[in-house]
Amino acid sequence: MIHTVMNKSEWAILGVLALIWGGAFVFIGIAVRHVDPLTYVWLRLTIAAGAMWLFLTLRGQGLGLPPQVWGSILLLALLNNALPFTLFGWGQTHIASGLAAILNATTPIWGVIVAHLLTRDERITPRKAAGVLLGFGGVAVMIGPTLLADIGTGAIAQLACIAASLSYALAAVWARRFKALGLSPMAVTTGQLTAGAAMMLPLMLLVDRPWTQPFPPLSAWGAIIALALFCTAFGYVLYFRLIESAGATNALLVTLLVPPVAILLGALLLGETLAPQDFAGLTLIALGLAAIDGRLFTALTRLGPRPAI
């Protein structure tokens, strides 16, 4: 049975997810300082896929993916792993990890639009439309000054992160087909990570030519391993466990928690600072996500004045 009101253990899982996924942006910032983005993505996917294969083996569970679904798995790997990981990796060579995390928080906002356009059972409502407008207002507040001043690398990097968030939203809608097929989420995750690693290998060899680059320092290797094992493999396991017990709506609350964690860790570990408009944009995006989720407004309505009897 799904708990619509989360218990202590589910709140603990949500907090751990916020910590490791907020930390992911800091780890990416460390990794791409020393490793080219395509190489970093290939290493992250390869290590994460190996960890998921080991996890399935220890559970005595096979992959169990029929041959006819591998075309869909490849597209999921592109939309959910290869493309967004690369865009965020390149973007964070030019912008702070906290700012990238804020832009990543637009994923559910894009999700409302994508689901409305591509599905029949997730139509947009006035409340969700208000959330989308607030979210896009937050993005405009953050990127607008940069675009008006000069369309430079910083603005392009922010747009790359937004494109990555749109890719995540498209992947979420595309992934709905696997539940209808009765496939295990862990098997689908392992398949997409494996496909993503295979997809990135020739591209990485052709573009980055890693054998011509200096060997990365231990800090970069530590960041990539942490990204692969904790933020990707372990993060997926925790996320699916939370969805199974508390439902997708509760699990999506992590989107609100990741940016503050990433901003704090980026300031403490990387010495990053954000502009005032970035915090203003975060506030608008958070309000937009709260509107889309709806529970905060429902609770406030219940606490409001009641008519006299």
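User: What is a helix here, and which helix holds Ala-187?

Analyst: A helix is a DSSP run, H or I, of at least four residues, numbered from the N terminus. In this predicted model, the run that covers residues 185-207 contains Ala-187. The helix asked for is H9.

User: Is Ala-187 buried or exposed?

Analyst: Buried means under 20% relative accessible area. Ala-187 has a relative accessible area of 1%, so this residue is buried.

User: Which residues does Ala-187 touch, not counting residues up to four places away in sequence?

Analyst: Leu-56 stands 131 residues from Ala-187 along the chain, yet their C-alpha atoms are separated by 7.9 Å. With residues up to four places away in sequence left aside, Ala-187 touches Leu-56, Leu-63 and Leu-65.

User: Which helices does the pair of Trp-110 and Phe-136 tie together?

Analyst: Trp-110 belongs to residues 107-118, and Phe-136 to residues 126-149. Because these parts are 26 residues apart in sequence, the pair ties together two helices, H5 and H6.

User: Which ring does the charged end of Arg-44 sit over?

Analyst: A charge sits over a ring if CZ of Arg is within 6 Å of the ring centre and within 35 degrees of the ring normal. The charged end of Arg-44 is 3.9 Å from the centre of the ring in question, that of Phe-85.

Conventions:
Residues numbered from 1 in each chain as written. Predicted model: local features only at pLDDT ≥ 70, side-chain atom pairs only at ≥ 80, totals over all residues. Heavy atoms only, no water. Buried < 20%, exposed > 50% of the residue type's maximum accessible area, 1.4 Å probe, protein only. Contact = heavy atoms within 4.5 Å.
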